[in-house]
Amino acid sequence: MKIAVLVKEVPDAAVEKRLDPNTKRIDRSGEKNLNPFDTHAIEAAVQIREGGAQVDEIVAVTMGPESASNALNKAASLGADRSVQLTDDALAGSDVWATGYALAKTLEAEAPDLVLLGQQSDDGENYTIGAVVADHLKMPSLTQVIDLKLDGDTLTLERQAEYGYDTVKVTLPAVISVGDAINEPRYPSLKAIMGAKKKPRDTKAIGDVGIDAGEVGEAGSKTTVLAINPPPAKESGELIENADDDVDGTVERIVAFLDERKLI
Amino acid sequence: MAGIIVYVLSKDGQFNKNSLGALSQASKLAGELGGEASAIVVGESFSDDALSTLGAHGAAKVYRVNGPEGTSQPAVDALAKVITDNGISYALFGGGLLGLEIGAGLTARLGWGITAEATGIKVDGGKLVVERPVLQDSAIVDVGYTGDGGVIVGRLNSFEPDASIGAAGAIEDVTVDFNDYSLRAELVTRGEQRGADVNIEDADILVAGGRGLGEAANFSLADDLAGSLGGAVAATRAVVDAGWFPYAGQIGQTGKTVAPKLYLALGISGAIQHKVGMQASENVVAINKDPNAPIFEFSDLGVVGDLHKIAPKLAEAIKAKKGA
Ligand SMILES: Cc1cc2nc3c(=O)[nH]c(=O)nc-3n(C[C@H](O)[C@H](O)[C@H](O)COP(=O)(O)OP(=O)(O)OC[C@H]3O[C@@H](n4cnc5c(N)ncnc54)[C@H](O)[C@@H]3O)c2cc1C
Ligand SMILES: Nc1ncnc2c1ncn2[C@@H]1O[C@H](COP(=O)(O)O)[C@@H](O)[C@H]1O
């Protein structure tokens with residue numbers, strides 16, 4: 001079987017994220033990294049292979065600017081055999097609809113048996129791409145999966161939903177987004193890091209996978225950001241920095257705080 | 001007509017509070033838009049009587065669909081049909097996991113835009129505009145729709161149910177031919193309660209533990225601290241999913257909503273899905289070793305440090321103070 005893993009390049013966790021007031025898009029000028037939630041999806045793919053299933057290929061797929069190739073290198077170091085980068089100026093400013101449509105078109109060309117993705121992008125925080133892609137591909141889907149077992153072409157999946165834990169059986173092909181509790185992604189070995197750049201990579205423009213230019217980018221998006229406002233002002237709390245340097249003093253201050261507020 | 005349809009989530013015939021809140025919100029907005037609010041339920045047995053609640057909460061019409069409950073894609077099929085047949089312009093969800101999945105599927109199906117995490121909705125120029133916090137709530141954007149309609153998924157607890165609206169609530173049974181792929185995800189069990197039954201909703205003081213505790217055994221630190229304060233222990237989804245703590249003690253989007261006098265967080269990052277379940281707490285104290293942790297943005301007292309060093313001494317000091 002063939003597993004496609006959707007991965008995204010996002011601003012590094014240490015970078016303070018902001019919106020560019022001119023473009024109303026996320027400012028992506030700083031350090032970038034592979035979306036940490038996606039490393040769980042790659043690990044899940046690798047574990048399916050290690051579990052004995054016949055996995056012919058694990059292919060990492062991303063849509064993003066040229067720099068996103070670094071995220072694909074990271075994905076390759078974590079276990080992807082090959083990668084596909086959809087990159088095209090026409091894609092800039094795509095919303096959830098446009099991103100989902102473009103990724104679905106890219107995946108269609110790959111014809112995977114299983115699509116895995118992360119629970120959320122660290123920057124977009126939409127939790128939605130999986131279900132959008134699944135509907136375009138006419139595949140069943142489930143999000144936030146924390147346990148996955150494959151038996152033949154049947155997946156038994158567990159996840160927490162509104163009322164507690166659900167167990168769901170899904171037959172392949174399917175689109176599954178995994179929660180970050182599903183596994184502990186391994187660290188890539190030095191050899192894997194060195195070898196990653198040598199793994200095959202296909203770079204595609206929108207025309208290569210039959211994407212309609214009118215349906216992507218800012219022009220094809222179905223939502224538009226009308227205004228950016230600051231959050232409601234609130235009194236900032238007190239912060240004790242470097243508390244480890246003075247544990248006794250810190251404890252004293254916390255107790256005093258609780259006492260002031262009549263909590264003890 | 002610019003109608004708004006609300007998917008009403010339920011289990012064992014009980015309607016979800018956030019869905020009812022969305023319905024009341026839709027009813028108010030539909031009035032301003034010059035349209036109607038409707039509700040849709042997908043499941044196996046909804047009596048006319050049970051559905052009258054939806055009228056009370058603002059549904060001028062209730063679409064009843066017989067189909068599988070608890071997975072998203074049959075609901076996408078049902079919504080797409082009802083929206084298309086009736087010329088409805090917006091679909092609103094009270095939030096949560098299933099709302100996100102159904103809303104996202106509908107986006108693909110209808111070519112509509114989607115906004116997740118909506119905290120407010122207003123009418124502007126005959127269209128809906130959605131208020132949505134972004135980048136860990138560091139900014140709030142107003143989102144508009146460019147196409148024929150739009151999907152809105154609310155942030156948990158953003159819309160209050162109002163049972164006094166008393167709309168018509170006329171019931172229409174709709175038969176839906178489900179897509180083959182929509183039926184290929186089959187619910188085996190639903191809503192399993194993992195772990196012991198703990199009560200966190202009645203406690204005035206909660207000590208909540210997150211992944212920063214390091215391992216299940218370290219919940220003893222939270223126990224000791226809660227013991228010294230006379231409170232109960234709660235947790236994040238990350239540690240509940242890991243099996244460190246019972247599901248009944250989870251705070252957040254797919255857990256409980258709490259509002260204690262004191263919420264003390266040990267090793268919790270403060271993700272939005274956790275925050276929505278505890279932001280009404282009167283006093284928030286957080287111990288986290290990462291100075292950039294989002295939880296410090298909504299703490300009254302933030303402590304940047306190692307919980308393993310601080311929590312045990314804090315429990316001692318509180319006991320001493322109380323004993324004094
Ligand atoms: C649809 C959906 C629904 C969700 N529902 C919920 C929900 O209901 N409830 C919920 O909680 N989450 C929910 N989540 C998950 C949520 O997004 C976060 O992943 C989760 O809350 C993180 O839990 P955490 O803070 O324990 O772990 P992490 O985010 O991993 O944070 C651990 C923190 O501990 C700190 N730390 C580590 N070691 C130490 C130390 N020695 N001393 C002090 N601090 C330390 C770290 O700095 C870090 O900030 C949901 C997510 C989605 C997408
Ligand atoms: N541009 C993209 N390219 C590839 N995968 C993506 C992209 N955007 C989102 N994804 C995938 O979709 C998941 C959920 O993202 P989101 O719906 O934006 O929160 C991520 O964890 C990725 O696996």
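**Entry 1: the A–B interface**

I began with the contact between the chains, counting heavy atoms within 4.5 Å: chain A brings 78 residues to it and chain B brings 87 residues. I note that this is a predicted model, in which local features need pLDDT of at least 70 and side-chain atom pairs count only at pLDDT 80 or more, while totals for chains, interfaces and linings use all residues. Residues are numbered from 1 along each chain as its sequence is written, chains are lettered from A and ligands numbered from 1 in the order in which they are written, and side-chain values use heavy atoms, with hydrogens and water left out.

I then looked up the buried area, that is, the accessible area (1.4 Å probe) that two parts lose on being put together, summed over both. Between chain A and chain B it is about 7,100 Å², and carbon and sulfur atoms give 58% of it. A:Glu162, A:Tyr163 and A:Tyr165 supply 12% of what chain A buries against chain B, more than any other three residues.

I searched for salt bridges (a side-chain nitrogen of Lys or Arg within 4 Å of a carboxyl oxygen of Asp or Glu). The rule finds seven of them across the interface of chain A and chain B. I looked up A:Asp259, which forms a salt bridge with B:Lys321, and the closest N and O atoms are 3.3 Å apart.

For polar contacts I used pairs of N or O atoms within 3.5 Å; within protein, one must be able to donate a hydrogen and the other to accept it, and residues adjacent in sequence count only if both atoms are side-chain atoms. Between chain A and chain B I have 44 residue pairs in polar contact, both residues at pLDDT 80 or more.

Elements here are DSSP runs, numbered from the N terminus: helices (H or I, at least four residues) and strands (E, at least two). Those giving two or more residues to the side of chain A that touches chain B include helix 3 (96–110), strand 7 (141–151), strand 8 (154–161) and strand 9 (164–171) of chain A. Helix 7 of chain A gives the most to that side, with nine residues. By class, that side of chain A has 38 nonpolar, 20 polar and 20 charged residues; Ala, Val, Leu, Ile, Met, Phe, Trp, Tyr, Cys and Pro count as nonpolar, Asp, Glu, Lys and Arg as charged, and the others, Gly among them, as polar.

**Entry 2: strand pairing between chains**

I checked strand 9 of chain A against strand 13 (residues 185–192) of chain B, and they pair in the antiparallel sense over five bridges. Pairing requires that DSSP finds at least two bridges between two strands. The bridge partner of A:Tyr165 in strand 13 of chain B is B:Glu192.

In one of them, the side chains of B:Glu69 and B:Arg190 meet at 3.8 Å, N to O. This pair links distant parts of the chain, 121 residues apart: B:Glu69 is in the loop between strand 5 (61–66) and helix 3 (73–86) of chain B, and B:Arg190 is in strand 13.

**Entry 3: the ligands**

I listed residues with a heavy atom within 4 Å of each ligand. Ligand 1 lies between chains A and B and has 31 residues around it, with B:Thr236, B:Ile251, B:Ser269, B:Gln273 and B:Asn288 the closest. A backbone N or O atom of B:Arg211 lies 2.8 Å from an oxygen atom of ligand 1, and one of B:Thr254 lies 2.8 Å from an oxygen atom of the ligand. For B:Gly255, a polar backbone atom is 3.5 Å from an oxygen atom of ligand 1.

Ligand 2 has 17 residues around it, the closest being A:Leu6, A:Val7, A:Asp38, A:Ser121 and A:Tyr127. Backbone N or O atoms lie 2.8 Å from a ligand 2 oxygen atom at A:Leu6 and 2.9 Å from one at A:Tyr127. A:Asn35 places a polar side-chain atom 3.2 Å from an oxygen atom of ligand 2.

**Entry 4: backbone notes in chain A**

A:Tyr127 has phi near 60°, a positive value in a residue other than glycine. I find A:Tyr127 in the loop between strand 6 (114–118) and helix 4 of chain A. The peptide bond from A:Leu172 to A:Pro173 is cis, with omega near -5°.
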